[in-house]
Amino acid sequence: MPREFALISTKPIGVEAVAAVAGAANPRLGLRTLFGGWAVQLLDAGDTGVLTIEVSRWLETPPAQHAGDCGDGGVWWTEASAPWGSAGAQGAQLVRALASNAGAELITEDDQ
């Protein structure tokens with residue numbers, strides 16, 4: 001089971017934002033699309049996936065614990081995953097930078 005993350009934001013998180021974070025962190029990271037464009041994956045120099053980010057989905061009704069943060073509207077929900085080990089550590093750093101740049105709340109499983 002990989003490390004799992006969710007980002008809650010007021011705007012969708014697109015491939016441009018992912019590419020910008022990857023380029024700033026490590027210009028050698030590659031990017032590929034998966035599942036017909038439903039996800040993007042960042043790859044290290046050895047073609048190992050370090051972070052997979054799914055397309056943002058609009059939630060009309062935010063999760064209950066976040067409803068007060070969203071005003072009258074819904075939120076964008078973006079799921080991401082990273083493997084365990086050193087590749088996953090890099091992925092966790094990247095998703096934290098992505099959340100920070102996007103002004104998104106980051107939810108991690110078991111404080112990963």
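E79 is partly exposed, at 28% relative accessibility; the term covers residues between buried (under 20% relative accessible area) and exposed (over 50%), with a 1.4 Å probe and protein chains only. This is a predicted model, so local features need pLDDT of at least 70 and side-chain atom pairs count only at pLDDT 80 or more, while totals for chains, interfaces and linings use all residues. Residues are numbered from 1 along each chain as its sequence is written, and side-chain values use heavy atoms, leaving out hydrogens and water.

What does E79 pair with? R57 forms a salt bridge with E79, their closest N and O atoms lying 3.0 Å apart. Here a salt bridge means a side-chain nitrogen of Lys or Arg within 4 Å of a carboxyl oxygen of Asp or Glu. R57 sits in strand 5 (residues 57-59) and E79 in strand 6 (residues 75-82), so this pair ties together parts 22 residues apart in sequence. Strands are DSSP runs of E, at least two residues, and helices are runs of H or I, at least four, numbered from the N terminus.

R57 also meets E54 in a salt bridge, 3.4 Å from N to O. E54 is partly exposed at 33%, and R57 is likewise partly exposed at 35%.

Now turn to the nonpolar core, a set of buried Ala, Val, Leu, Ile, Met, Phe, Trp, Tyr and Cys residues joined through side-chain atoms within 4.5 Å. The largest one has 21 residues, and V18, L42, V50, L51, I53 and L94 touch the most other members. Helix 2 gives the most to this core, with six residues.
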